[in-house]
Amino acid sequence: MRGKRSKQYRKLMQQYGMTFGFREPFQVLLDAGIIQDAARFKMDLVGSLKRTLHGEVKPMITQCSIRHLYNASLDQSLVDEAKTYERRRCNHHTLEKPLSTLECLSSVVDPRSSGTNKHRYVVASQDGEARAFMRNVAGVPLVYINRSVMIMEPMAGATERVRELEERVKFRAGLKSKRGGQAGVKRKRDPEGESGSENRTTEGGGGYEAPKRRKRGPKGPNPLSTKKPKRNYPAEQAQATNREIDSHRDIDKQPEPSLRKRRNRKHGLARDNRPTIDTSGEMTGEA
């Protein structure tokens, strides 16, 4: 399978899953024609279905399709292979002749003719009339074999309309929820009067806080091209510096230590030339 086609099939099955609730394993209704063509082209029917639908499959077959194989097939191995698949009761086994593929599959997929695929079947059929009828039923993936290649048809008109309607409903529901959340938005200041605190509440009682818009203005200079600011010392370091400066000032104010008095030679000489008094009462002195 080519990559582009495989991507398209994966996207289709995701859309079927989101809109109609398809999930693995996918229930695949087979008819006698696709079993015969798969054997003629030597294809692995179950493996091809897994690759086409991008998931696990549960092949199913009706009693009418098995009777078609009994009547048309000359190879008993095809009947034995069909018996290995899960039997889907169509309640037509009591009839003398089996119903056509269109009548049998339509009674299984849409028994009440409501135009819906209630049980989420994937129809794999080689009958063109059966596929044309299934295109009018919403939510039916159609698979067939064309020249040994398994093909999945794109969404039919009825299925596409239902999907678009579901998308519109979801879109409107989202808009209503957003409007309901923002209706009656009012600004109220805090009763305590704190500056810069504002609350936004709705009339319905639910709180809503609008996102703050970023103010656009002139940009600042490039930090790599600007001069770095002077370093600001901490308060404790500044106080320690001031204390150190004050201590130096106190030291400068203290008086200098008194210098040792120089000995005056003159006073020393005068002290040596003092007259001496003799005990005899005569004054003596050196000339």
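**View 1. Ser113, an exposed loop residue in a predicted model.** At 64% relative accessibility, Ser113 counts as exposed, because anything over 50% gets that label. You'll find Ser113 in the loop between α6 and β4 (121-124). Take a look at the backbone here too: phi of Ser113 is near 55 degrees, a positive value in a residue other than glycine. That's worth a glance, since most residues other than glycine have a negative phi.

**View 2. Asn91, with a positive phi in a loop.** Asn91 sits in the loop between β3 (86-88) and α6 (101-109). Its phi is near 60 degrees, and Asn91 isn't a glycine. Buried or exposed, then, for Asn91? It counts as exposed, because its relative accessibility is 59% and the cut-off is over 50%.

**View 3. The cis bond between Glu24 and Pro25.** Zoom in on the loop between α1 and β1, where Pro25 is found. The peptide bond leading from Glu24 into Pro25 is cis, and its omega is near -5 degrees. For context, most peptide bonds are trans.

View 4. Glu24 is in the loop that runs between α1 (3-20) and β1 (26-30). With 47% relative accessibility, Glu24 counts as partly exposed; that's because the class covers values between the 20% and 50% cut-offs. Which residues does Glu24 touch, if we skip those up to four places away in sequence? The answer is His54, Gly55 and Glu56. A polar atom of the Glu24 side chain lies 3.1 Å from the backbone nitrogen of Glu56. Leu53 is 29 residues from Glu24 along the chain, and the C-alpha atoms of these two are separated by 9.7 Å.

**View 5. The second largest pocket.** This one has a volume of about 150 Å³. Sort the lining residues by type and you get four charged, three polar and three nonpolar.

**View 6. Residues 212-230, a stretch annotated in UniProt.** An unreviewed UniProt entry lists this span as "domain: UTP23 sensor motif region".

How values were computed
Residues are numbered from 1 along each chain as its sequence is written. This is a predicted model: local features need pLDDT of at least 70, side-chain atom pairs count only at pLDDT 80 or more; totals for chains, interfaces and linings use all residues. Side-chain values use heavy atoms; hydrogens and water are left out. On a 1 Å grid over the protein atoms alone, a cavity is a set of points where a 1.4 Å probe fits but cannot get out, and a pocket is an open set with protein on both sides within 12 Å along at least five of seven lines; lining residues have an atom within 4 Å of a point. Grid points are joined across faces, edges and corners, and a volume is the space filled by probe spheres set on the points. Ala, Val, Leu, Ile, Met, Phe, Trp, Tyr, Cys and Pro count as nonpolar, Asp, Glu, Lys and Arg as charged, and the others, Gly among them, as polar. Helices (H or I, at least four residues) and strands (E, at least two) are DSSP runs, numbered from the N terminus. Buried means under 20% relative accessible area, exposed over 50%, partly exposed in between (1.4 Å probe, protein chains only). Contact means heavy atoms within 4.5 Å. A polar contact is a pair of N or O atoms within 3.5 Å; within protein, one must be able to donate a hydrogen and the other to accept it, and residues adjacent in sequence count only if both atoms are side-chain atoms. UniProt positions are given in the numbering used here, feature names are shortened, and annotations may be inferred rather than shown by experiment.
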